[in-house]
Amino acid sequence: MPGATPSAAGSRATAVIAIQPQLKQFAQEVEALGTVRANESVDITAKVADRVTAIHFREGQQVQKGQLLIELDSTEARADLAAAEAAYTDSRSQYNRSQELYQTRALSEAQLEQLQATLLANEARVAAARSRVNDRRIIAPFAGRVGLRNVSLGGLVNPGEVITTLDDLSVVKLDFSVPEVFLSSLQPGLSVQASSTAYPGETFEGRVASIDTRIDPTTRSVAIRALIDNDDKRLRPGMFMTLRLVRSEGLALMLPEQAIVPENDRHFVYVVDDGRARKREVALGRRRPGEVEILDGLTTEQHVIVEGTINVRDGTPVRVQEGDAAMLDGALPT
């Protein structure tokens, strides 16, 4: 093996196992914590105060966009609408007759304009009255699942009072934050793998949909939103999830963790040089089970001691044995 000498192989040399660092595919992942939100979510409320006369949904029911959910008492509103429509019909008839009289010069232009203004005013009153009637018909603004019902038949509903909730759960949003140091490698479409304690052992796949335009000045992090298909409706708004954001894959110089010799906040390895162990400081990067990324301090040509480091010091003669290929299982050819 390169680096071994007859003197190093003598009886006083320490037996060690050494291997070469390997370039391996390493997915750049970021771990984070996120909160599930509905794709669309709204509190169903009333705009006016009135009694509930009809309820057209069941708790937990899937409803369609425009479906009628609640009817409030509209007796007075419908009476106002009928009066407004009658006034509009009368003013329209007067205006039509006045146009004939204007053609024969029996009616002045000022009088015709006055009748036209009355017609337009009554038309506006009809629209306002019809709007008040519609305010007493509460419909679903989008398709989704309604929540618990908070009103009863005959009960008085006040403006802003929550009648029920409506959530579109066909797709859920997963909101989370990552440190700004990762900003340059973030982009829509990146894969997200999320899990929840509610479903042990299951992983939910999603994609990054958008990245916030601002950095939080307090936490120095950026907010990200991912979308996850939720056809089975198992994920609910407010759920807490842990996730891994897969940024990209690339080659990394990898070494077994047992080769690292920590000293305070520094890290060292022993390389074999001319039959002796030589101490080298290295810079570490990301980790995964059993392996660590070497950012600086080593090359693929060097032989690093992975077993026997406890028995060597800088300059100790060593007798090198072949390293176990399983230590770097899956390594790429160099």
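In strand S8, Val-157 is the bridge partner of Asp-50. This contact belongs to the pairing of S8 with strand S3 (residues 50-55), two strands that run antiparallel and are joined by two bridges; strands count as paired if DSSP finds at least two bridges between them. Helices (H or I, at least four residues) and strands (E, at least two) are taken here as DSSP runs, numbered from the N terminus. The model is a predicted one, in which local features need pLDDT of at least 70, side-chain atom pairs count only at pLDDT 80 or more, and totals for chains, interfaces and linings use all residues. Residues are numbered from 1 along each chain as its sequence is written, and side-chain values use heavy atoms, with hydrogens and water left out.

Arg-137 pairs with Glu-71, their closest N and O atoms lying 3.9 Å apart, where a salt bridge requires a side-chain nitrogen of Lys or Arg within 4 Å of a carboxyl oxygen of Asp or Glu. Because Arg-137 belongs to strand S6 (residues 137-139) and Glu-71 to strand S5 (residues 68-72), the pair ties together parts that are 66 residues apart in sequence. Arg-137 is partly exposed at a relative accessible area of 35%, and Glu-71 is also partly exposed, at 21%; the classes are buried under 20%, exposed over 50% and partly exposed in between (1.4 Å probe, protein chains only).

H2 has 26 residues and reaches 38 Å from its first C-alpha to its last, close to the 38 Å expected at 1.5 Å a residue, the expected span being 1.5 Å times one less than the number of residues. Its buried residues are Leu-112, Leu-119, Asn-122, Val-126, Ala-129 and Val-133, and these pack against H1 and S6, with contact meaning heavy atoms within 4.5 Å.

In total, the structure holds 14 salt bridges. Another of them joins Glu-257 to Arg-287, with the closest N and O atoms 3.1 Å apart. Glu-257 lies in the loop between strand S13 (240-256) and strand S14 (261-263), while Arg-287 is in strand S17 (residues 283-288), 30 residues apart. Salt bridges that share partners also join Lys-24, Arg-288 and Glu-291 into one network.

Aromatic rings complete the survey. One aromatic pair is found in the whole structure. The ring centres of Tyr-199 and Phe-204 are 5.9 Å apart with planes at 65 degrees, so the pair is edge-to-face; rings of Phe, Tyr and Trp (its six-membered ring) pair if their centres lie within 6.5 Å, with planes under 30 degrees apart stacked, over 60 edge-to-face and the rest tilted. Phe-204 is buried, at 8% relative accessibility. The charged end of Arg-234 sits over the ring of Tyr-199, 4.6 Å from its centre, a label that needs NZ of Lys or CZ of Arg within 6 Å of the ring centre and within 35 degrees of the ring normal. Lys-279 likewise lies over the face of Phe-268, at 4.6 Å from the ring centre.
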